[in-house]
Each structure stands twice: as C-alpha cells, then as structure tokens.
Amino acid sequence: MKSSSPRFSRRAFSVAAASAALAACSTTGSSIVGNNGSSGAATNAPPPKAEPPRQLRVGLALGGGAARGFAHIGVIKALEARNVRVDLLAGTSAGSVIAALSASGMNGISINKLALTMDEASISDWAMPFRTRGILKGVALQNYLNKTLDNRPIEKMAKPLGVVATDLRTGQPILFQRGNTGVAVRASCSVPSIFEPVKIGAHEYVDGGLVSPVPAAFARKMGADFVIAVDISARPESALTQSSFDVLMQTFTIMGQTIKAYELDKYADVVIRPNLAAMSGSDFGQRNAAILAGEEAVAKAWPELQRQLASRGATA
C-alpha cells in the first residue's frame, strides 16, 4: 500500500498537467482564432455597414385638359434634359395618355415624334346616337394606345403607373395600377357626354378630372417622396368657349377649381403651369405650340425645382 502511493501521485500529477495543458490550448485557441483563422475577439470585429440613405422617389402627376395635354410632352422632355429622374407617374384624362407612354420606357423625344405623327381620326370612333351615352365610344383610343404599347398591362410598365378615373355610380376616384392599360386610360379620358362610360367589372367609369384634375395625391399614394405636378387646365376667366366642347371643358374647370387647389397645395412640392391661354382643349392643331409651352414652363420653374430637389438631397 505504501509503495503504490508515490506512483499514484506521479500518475495523477501527469494526468492533471496534461489536462491543464489541453485546457489552456483550448481556451487560448477560442479567444484568438475565429472560424476563418482570423481574430475572433469582439473588440477587433469590423463595425456593421451603415444602411445607405434611401433614394428620393420623384413622382410626376399629369393633369387633364384634352388637347392641351400635349404640353405634358414638353415638360417630360425638359425634365429629361435637366437629368431629373422620374420614378413613377400618375395621370388623369389626357395626362394618363402621356403618363402611360412615359411609364412604358419611351423618352420625351420619342413621345414627341409619336404625337406629331398621330392622326386625330385614329383615336376617334363615332357612336350611333340612338344607342349611346356619348358621341365617341373611346375604343379607338384604347386600341391605339394598346397597339403602341404592345398590349403591355399597367403592372408591366418600366416605371410604376397610376391611372385615375371616377366611379360613375359612387362618384369616388379609383387608381388603376393593374390591368389593361388602354381600357384604364380610356376610362380616365371618358369626358361625360363626349365619351361613353367605360364598364369594368360591375362598375362604370368616367373622366378622372371630376375627382382629381391633377393627381398629386395619387402620386403621393403610390410612394412618391417628392411630387412634380403639371397643371394644364385653363383658368376660368381666360378659357376659350367657342364650341360646345369648350363650354363643357370650362364647366369641368369651374367644378374642379376647389378640388385642384386643395390637392396641389397639400400634395405637390412643385407645380408646373404651361402657358396655354391661347389654346382650346379641342385644338389638336396646336400640338407643337403646346409642347413648346411645356418646355418653357419647366425652364421658368427650374430654379425653384432645382432648389427644392437639392434641399431634399437629390441632385439634378
């Protein structure tokens, strides 16, 4: 018994020493070497990357005004020339036509060329008086736009597109963001008594200008942080009333004044107003003048637009 005690002590000591060495190696390795062989100490880890600031989303709200809508093309051309990036578009009536073309990926120059070659007869289809609630069906406009856009639906556009129309039964606005582009635009352009109401599902729709003459609120609803609104409507005191169509458009203008003023004041950051005082809503012959007026309006508004964009962190 006495002779075994020293051997046990030496053995126990050896085992203890080996265990201590293994423990030391294990402890040292876990604190120095990480999974990839580099330092794993918390104090040496690189700080997490900061999230880049979200890019300002610019929305373009294009208002209604029949033939005066050609001015929207000039606005788009001028914004592109100044490198203003538009991220989404909302359009009412004539504005919905140009918004759809722009959202498809066409630039201002391409839309300008299309406008100059467009035959007014190609978008006019007279309806039989004894069976219609409008002089024009609107199907020709629908087909023209769908053909131009290769039948691309709203949700497949290069940029988000919103088309505003009015529910004829409830009087409520609707923002089309999916579906047949030509049908939605036709509904948005269906001036009562000029175009037949457009039936979609169980509802009938007419001109979006009744509820949102310049759809700045809808551009905001679509996610715009900064809204550039284009108002092409005539001022009641200066509008031409030489035809029954002019009188009807003047009525629209008068009815929409309060709605428009409220919407632009609350939702638009910058409002561009082309000088179209000498142009009637039915005068398709002045399309060149209207386009030029749009370009000139952007040039006039540019210092303020540039200042506001810069204050929001955007460069142009």
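**Exercise 1.** In this predicted model, find which residues Ser 96 touches, leaving out residues up to four places away in sequence.

*Solution.* Start by placing the residue: Ser 96 belongs to helix H3, which covers residues 94-103. Next, list its contacts, which are Gly 91, Val 163, Val 185, Ser 188 and Cys 189. Finally, look at accessibility: the relative value for Ser 96 is 0%. Buried means under 20%, so Ser 96 is classed as buried.

**Exercise 2.** Work out how many aromatic pairs a search of the whole structure finds, and describe the geometry of Phe 70 with Phe 284.

*Solution.* The search gives two pairs. For Phe 70 and Phe 284, the ring centres are 5.9 Å apart and the planes make an angle of 85°. Angles over 60 degrees count as edge-to-face, and this pair is edge-to-face. Now locate the partners: Phe 70 is in the loop between strand E1 and helix H2, while Phe 284 is in the loop between strand E10 and helix H9, so the pair ties together parts 214 residues apart in sequence. Last, check burial: Phe 70 is buried at 8% relative accessible area, and Phe 284 is buried at 18%.

**Exercise 3.** Classify the pair formed by the rings of Phe 176 and Tyr 205.

*Solution.* With centres 5.3 Å apart and planes at 80°, the pair is edge-to-face. Strand E5 holds Phe 176 and strand E8 holds Tyr 205, so take the separation from there: 29 residues, a link between distant parts of the chain. Both residues are buried.

**Exercise 4.** Which ring does the charged end of Arg 82 sit over?

*Solution.* Look to Trp 302: the charged end of Arg 82 is 5.7 Å from the centre of that ring. The distance cut-off is 6 Å.

Technical notes:
Residues are numbered from 1 along each chain as its sequence is written. This is a predicted model: local features need pLDDT of at least 70, side-chain atom pairs count only at pLDDT 80 or more; totals for chains, interfaces and linings use all residues. Side-chain values use heavy atoms; hydrogens and water are left out. Rings of Phe, Tyr and Trp (its six-membered ring) pair if their centres lie within 6.5 Å; planes under 30 degrees apart count as stacked, over 60 as edge-to-face and the rest as tilted. Helices (H or I, at least four residues) and strands (E, at least two) are DSSP runs, numbered from the N terminus. Buried means under 20% relative accessible area, exposed over 50%, partly exposed in between (1.4 Å probe, protein chains only). A charge sits over a ring if NZ of Lys or CZ of Arg is within 6 Å of the ring centre and within 35 degrees of the ring normal. Contact means heavy atoms within 4.5 Å.
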